[in-house]
Amino acid sequence: MWLLALLAQAAALGCSLYQLVQLTDLEFDHINPHDASRNYNAMVYPACFIEILFCCVLFMGGNWLLGLPALALALFDIREIWSQGNGKIDVTEIFRMLRQKRVAMTKKSVVGMIMFAWTLYR
């Protein structure tokens, strides 16, 4: 169970960091808005699915202490998807939402890194 949890957490962290890199590259003008939104949007549903999988693996394994922060991250992803219709960013509005998306992805990535270290330690 721990190996599956570790792999799921590593994949979720990779998705979050990839989305954060896309937003940061767009902010510093290293990538155009069309490519950034396409790359970001490609990771929205896989990241949500992996977070839910990670949460389920932890709860089925009986690790409630680590499962609760995982549940919070999964609910964050679900809320992002439902609040914006599909969770994806639109090319025409990408600069309006860039700062708040980047801050949210930074917080999510930091929590993901802490949970990854915790899972790796266990």
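User: Is Asp-29 buried or exposed?

Analyst: This is a predicted model, so that applies to every answer here. Asp-29 is exposed, with a relative accessible area of 65%. The cut-off for exposed is over 50%.

User: Where does Asp-29 lie?

Analyst: In the loop between α1 and α2.

User: And what is phi of Asp-29?

Analyst: Near 65°. That is a positive value, and Asp-29 is not a glycine.

User: Let's take the helices on either side. At what angle do α1 and α2 cross?

Analyst: Roughly 170°, and their axes come within 9 Å. Helix α2 covers residues 33–42.

User: Parallel or antiparallel, then?

Analyst: Angles over 145 degrees count as roughly antiparallel, so α1 and α2 are roughly antiparallel to each other. The crossing of α1 past α2 is left-handed.

User: Which residues meet there?

Analyst: From α1, Tyr-18, Gln-19, Gln-22, Leu-23 and Leu-26. From α2, Pro-33, Asp-35, Ala-36, Asn-39 and Tyr-40. By class, that contact has six nonpolar residues, three polar and one charged.

User: What about α1 and α5? How do their axes cross?

Analyst: At roughly 155°, coming within 8 Å. Helix α1 spans residues 2–27 and helix α5 spans residues 94–121. The angle is over the 145-degree cut-off, so α1 and α5 are roughly antiparallel too.

User: Left-handed or right-handed?

Analyst: α1 passes α5 in a left-handed crossing. The contact of α1 with α5 divides into 17 nonpolar, eight polar and four charged residues.

User: Changing topic. At what angle do α3 and α4 pack?

Analyst: About 155°, with the axes 8 Å apart. Helix α3 is residues 44–60, and helix α4 is residues 64–83. They are therefore roughly antiparallel to each other. α3 passes α4 in a left-handed crossing.

User: Which residues of α3 and α4 meet?

Analyst: On the α3 side they include Val-44, Tyr-45, Cys-48, Ile-52, Cys-55 and Phe-59. On the α4 side, Trp-64, Leu-68, Leu-71, Ala-74, Ile-78 and Ile-81 are among them. The classes in this contact come to 18 nonpolar, one polar and two charged.

User: Pick out Ala-74. Buried or exposed?

Analyst: Buried, with a relative accessible area of 4%. The cut-off for buried is under 20%.

User: What does Ala-74 touch?

Analyst: Glu-51 and Ile-52, leaving out residues up to four places away in sequence. Ala-74 and Cys-55 are 19 residues apart along the chain, and their C-alpha atoms are separated by 7.3 Å.

User: And Ser-83, where is that?

Analyst: In helix α4. Ser-83 is exposed, with a relative accessible area of 52%.

User: What separates the C-alpha atoms of Ser-83 and Ala-117?

Analyst: 30 Å. Ser-83 and Ala-117 are 34 residues apart along the chain.

User: Last topic, rings. How many aromatic pairs does the count come to?

Analyst: One aromatic pair. The rings are those of Phe-59 and Trp-64, with centres 4.7 Å apart.

User: Why does the pair count as tilted?

Analyst: The planes of Phe-59 and Trp-64 are at 45°. Under 30 degrees would be stacked and over 60 edge-to-face, so this pair is tilted.

User: Is Trp-64 buried or exposed?

Analyst: Exposed, with a relative accessible area of 54%. Trp-64 is also one of the α4 residues that meet α3.

Key
Residues are numbered from 1 along each chain as its sequence is written. This is a predicted model: local features need pLDDT of at least 70, side-chain atom pairs count only at pLDDT 80 or more; totals for chains, interfaces and linings use all residues. Side-chain values use heavy atoms; hydrogens and water are left out. Rings of Phe, Tyr and Trp (its six-membered ring) pair if their centres lie within 6.5 Å; planes under 30 degrees apart count as stacked, over 60 as edge-to-face and the rest as tilted. Buried means under 20% relative accessible area, exposed over 50%, partly exposed in between (1.4 Å probe, protein chains only). Axes are lines fitted to C-alpha atoms, for helices over the stretch in contact, and angles run from 0 to 180 degrees between N-to-C directions. Helices (H or I, at least four residues) and strands (E, at least two) are DSSP runs, numbered from the N terminus. Angles under 35 degrees count as roughly parallel, over 145 as roughly antiparallel, 65 to 115 as roughly perpendicular and the rest as oblique. A crossing is left-handed if the near helix is turned anticlockwise from the far one by less than a right angle, and right-handed if clockwise. Contact means heavy atoms within 4.5 Å. Ala, Val, Leu, Ile, Met, Phe, Trp, Tyr, Cys and Pro count as nonpolar, Asp, Glu, Lys and Arg as charged, and the others, Gly among them, as polar.
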